[in-house]
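Me: Please take a close look at one part of this model, the place where the two chains meet.

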Protein chains: 2
Amino acid sequence: MGQAVVFDGTGVRVIGRETPSLQLDEALIQLKVAGVCSTDLALTRGYMNFEGVLGHEFAGEVVQGPEEWVGQRVVGEINIACGQCDLCRMGIPTQCRNRSTLGISGNYDGAFADEFKLVVRNLHRIPDNVTDIEAVFAEPLAAACEILQQVHLRPTEPIYILGVGRLGMLCAQVMHQAGMPVIGIVRHDRQVELLAKWGIEARWREEVPNARAGVVVDCTGNAAGFEDVLALVRPRGTVVLKSTYEGIPQANLSKIVVNEIAVVGSRCGPFDVALRLLSQKQIDVLSMIDGEYSLSDAPAALARAAQGGVLKLLLRP
Amino acid sequence: MGQAVVFDGTGVRVIGRETPSLQLDEALIQLKVAGVCSTDLALTRGYMNFEGVLGHEFAGEVVQGPEEWVGQRVVGEINIACGQCDLCRMGIPTQCRNRSTLGISGNYDGAFADEFKLVVRNLHRIPDNVTDIEAVFAEPLAAACEILQQVHLRPTEPIYILGVGRLGMLCAQVMHQAGMPVIGIVRHDRQVELLAKWGIEARWREEVPNARAGVVVDCTGNAAGFEDVLALVRPRGTVVLKSTYEGIPQANLSKIVVNEIAVVGSRCGPFDVALRLLSQKQIDVLSMIDGEYSLSDAPAALARAAQGGVLKLLLRP
């Protein structure tokens, strides 16, 4: 028996449940630390019609499964792929047509639990010099690194980040440490302070000219952000969409054609890169932590995470 | 004195006007043939708030200007660039921040006239084995070729073209002759016949599965097309937008993020490539001609071009 944080379609509750039973390709993981992500909040508002145990950012220890994994500290990729469909065979298992997603879709219960399971092939060992708390950031940091995989960034032109929150801060750091001239577009003094600490330029929206950015990364998480992103990017520039909008954006798409903008949707990324950056201490994640809660206080943590300006909240067993 | 087809903000009229006076960098061109484009129709509905002489697809002969150009048969690029701004200096004069566009914007009168002017640096000689009528297609054919410049097409996956009309037919031919498995999504028997003539597969929308195309080219010209384009493209696929929408599309953009779609706006293209393909007889443009009108009948030609399924209409002095 252990605790698990469940969304039942109407609210978030903490329940007791049996230790999950494993398939042959799965491992049982004991939670060390989990992180609250904006996607968790979206799920509790009905996104993906998910019901079950929430949570997909975690660091844990394998307690049952293949011998070589038992006792290892691990993080895990969230897409559980079939390995059979055309997209898996194309080498894009994160887009598997039959995938479940840990704590997000396909009835695959998540990591906000004392013990939970995940397919072994999704596990990554945490380097010895990376703490559990740092490792919790591997999943969103990998998503930030995906921008480097998808877009040819050039250090000659400013990259704007709109929505410098939990994910936007990681995107800013990843591109800054890659030598790019990053500008975070801020709305709170707290964002200015954090970006300054990392040597990243912060500007208020009204200080930033339209149609000048070579790349604009949208981490706003709301549909209204899209129109502003299109205003900021220069002709022939690139927009990276990191936000899943729950509404329909009211944006004039003819601008995409006339200005020949490229819009690139960007989701999960390479864990090995994220773990390497953490191991080499190139990303400061500790400054982004705004609080720790016990699993039994998860509803309070989720409520606080929904407040503007709150960065990473952690959950402990 | 000569004739010119003018849009005055409310309607299309044919007027008499003086021979245009030239700047030092301009040539005077005698029209041989012009083509009616969907953009001309959009302009007469208020797009770009343009008023002046319409027309940007032409073949003509230089009658005044630099000695080496006089007597040459020419086509011309439509963007009149400043050569000074950041985008010109980046080598993207088609996106010049201070540009005028022939018969489209910036008070630069167009080619639906017995005589008209254009900057010399925009002119391209028509190869001897390309007729005037064929050369009229250089401008839209260049726009079709731009897809090859912008997107890495791979011959392993179907490319769908939605909106197989004046521009879509050229896109289909360009990608087909490049060895790609092109499928035109048709709405009229006429489209089936033309595509069959070129060996290009035609399918009705209901025969085409969703989420399977590696690339979808949107030439529909209307906002409703965008949602269908997002339905057709596979995860990690690419959407090429060739349509300038006059409305706001009601599409769920979160699909772009979750499925990691790339959306690429695409406008003008390389004239040298278009002229080479025409010279090498790799593109059949003659089958796309649906009628010839005199300049004085331009209003009737524009009205007919607005009817569904009508392909290229030509104007003669």
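How many residues of chain B are in contact with chain A, and how many of chain A with chain B? Go on from there to what the interface is made of.

Reply: This is a predicted model. In it, 43 residues of chain B are in contact with 43 residues of chain A. The two chains bury about 3,400 Å² between them. Carbon and sulfur atoms give 57% of that area.

Polar links come next. The rule finds 15 residue pairs in polar contact across the interface, both residues at pLDDT 80 or more. Several elements of chain B each supply at least two residues of the side that touches chain A: helix 2 (86–89), helix 4 (138–150), strand 15 (233–241), helix 8 (254–258) and strand 16 (262–265). The residues on that side of chain B divide into 21 nonpolar, 11 polar and 11 charged.

Between chain B and chain A the count is 4 salt bridges. One of them joins B:Glu146 to A:Arg236, with the closest N and O atoms 3.4 Å apart. A:Arg236 sits in strand 15 (residues 233–241) of chain A. Its phi is near 65 degrees, a positive value in a residue other than glycine. A:Arg236 has a relative accessible area of 31%, so it is partly exposed.

Strand 16 (residues 262–265) of chain A pairs with strand 16 of chain B. The sense is antiparallel, over 3 bridges. A:Ala262 has B:Val264 as its bridge partner in strand 16 of chain B.

Terms used:
Residues numbered from 1 in each chain as written. Chains lettered and ligands numbered in written order. Predicted model: local features only at pLDDT ≥ 70, side-chain atom pairs only at ≥ 80, totals over all residues. Heavy atoms only, no water. Contact = heavy atoms within 4.5 Å. Buried area = accessible area lost by both parts, 1.4 Å probe. Salt bridge = Lys/Arg side-chain N within 4 Å of Asp/Glu carboxyl O. Polar contact = N/O pair within 3.5 Å; in protein donor to acceptor, adjacent residues only side chain to side chain. Helix = DSSP H or I, 4+ residues; strand = E, 2+ residues; numbered from the N terminus. Nonpolar A, V, L, I, M, F, W, Y, C, P; charged D, E, K, R; others polar. Pairing = 2+ DSSP bridges. Buried < 20%, exposed > 50% of the residue type's maximum accessible area, 1.4 Å probe, protein only.
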